[in-house]
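Here are some short notes for a first look. Please keep the model open beside them.

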Amino acid sequence: MDADVPGTVLKRERTRDAVLELIESRSPGDAIPSERALCSLLGVSRPTVRAAVDELVAAGLLVREHGRGMFVAPAKITQELVAGDRSLTVPQAAGAWSSRLLEFTTLQAGARVGRKLRMSPAAEIVYVARLRLVDGAPMAIEHLHIRAELVPGLSAQELESGDLYEHLRATHGVHVHEAVQAIEPTVVTRAEAKLLDVPELSPALLFERLTSDGSGHPVEYVHSLYRGDRYRIVSRLALGPAAEVGPDREGHHPGIPPGDFAHGDAITSSTRGDIQAGA
């Protein structure tokens, strides 16, 4: 790297690119050289290296461990938005997904959720809060609102193990067919940070989704908070005639629990700043 390149911004950008190249040449969990070693290797000052490293830590690409050094962060899970007949296809997410139940109760829908689910505010819903984990590490907090009339006898075990939509289909005869989903950036509160094991005000992705059955009747309204350091959204835009599409890859859809959608049912997805899912 040319240490004499004029301009602080350009120098920091090139330093960031050099460190990023080191990250991309290693595997998650591998160590990278210390800041002092990077200064010598790249021929730049300590503040320049620190600024570049801080940016990569904030982006979730590097992890600092006090007294140990810097390490390549776990790979991000990618949600891919694709135009076409199937509006959303998602690569399989690595790791073993599980759930930990935080709250499970039956209550009145209230005005806002009632509007979402097109039901009386006095009608009952099943409210579920659960922590989603990958290989035991917390990844997301999900808040589910399900029409109680559709899931009599819904159990805590169904919410903690297996595929929720599979349980809805097999046990309750509910076939979720379509989802309208919106995504926006946010930050975590102190309580959310504690559950997700991240610093307060860390970046996060807020997913808001309304799912419906084959007749277009709302089944559930969900809002979920996913760690911003572990997720990214990729849009694939079709600019010409599409070739024949092969079978969909199965796997967990960040923001969308595995289920009917992973088996080929249609999904409508929208990404916009002002969440209006189900409105």
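1. How many aromatic pairs does the count come to? This is a predicted model, and the count comes to 1 aromatic pair. The ring centres of phenylalanine 207 and tyrosine 226 lie 5.1 Å apart, with their planes at 65°. An angle over 60 degrees counts as edge-to-face, so this pair is edge-to-face.

2. Phenylalanine 207 is in strand β9 (residues 203–213), and tyrosine 226 is in strand β10 (residues 218–227).

3. Now the strands themselves. β9 and β10 pair in the antiparallel sense over 9 bridges. Alanine 204 stands opposite arginine 227 of β10. The two strands form a hairpin with 4 residues between them. In the turn, glycine 216 has a positive phi of about 85°.

4. β10 also has another partner, strand β7 (residues 137–147). These two pair in the antiparallel sense over 7 bridges. Histidine 145 has tyrosine 221 in β10 as its bridge partner. Of the 10 residues of β10, 9 are buried, so the strand is largely enclosed by the rest of the structure.

5. Which side chain of opposite charge is nearest to glutamate 158? It is arginine 130, 10 Å away. Glutamate 158, in helix α5 (residues 156–160), is buried yet has no salt bridge. Its side chain does make a polar contact of 3.1 Å with that of histidine 172. Beyond its neighbours within four places in sequence, glutamate 158 is in contact with residues including Gly153, Leu164 and His167.

Conventions:
Residues are numbered from 1 along each chain as its sequence is written. This is a predicted model: local features need pLDDT of at least 70, side-chain atom pairs count only at pLDDT 80 or more; totals for chains, interfaces and linings use all residues. Side-chain values use heavy atoms; hydrogens and water are left out. Rings of Phe, Tyr and Trp (its six-membered ring) pair if their centres lie within 6.5 Å; planes under 30 degrees apart count as stacked, over 60 as edge-to-face and the rest as tilted. Buried means under 20% relative accessible area, exposed over 50%, partly exposed in between (1.4 Å probe, protein chains only). Lys and Arg count as positive and Asp and Glu as negative; His and the chain ends are not counted. A salt bridge is a side-chain nitrogen of Lys or Arg within 4 Å of a carboxyl oxygen of Asp or Glu. A polar contact is a pair of N or O atoms within 3.5 Å; within protein, one must be able to donate a hydrogen and the other to accept it, and residues adjacent in sequence count only if both atoms are side-chain atoms. Contact means heavy atoms within 4.5 Å. Two strands pair if DSSP finds at least two bridges between them.
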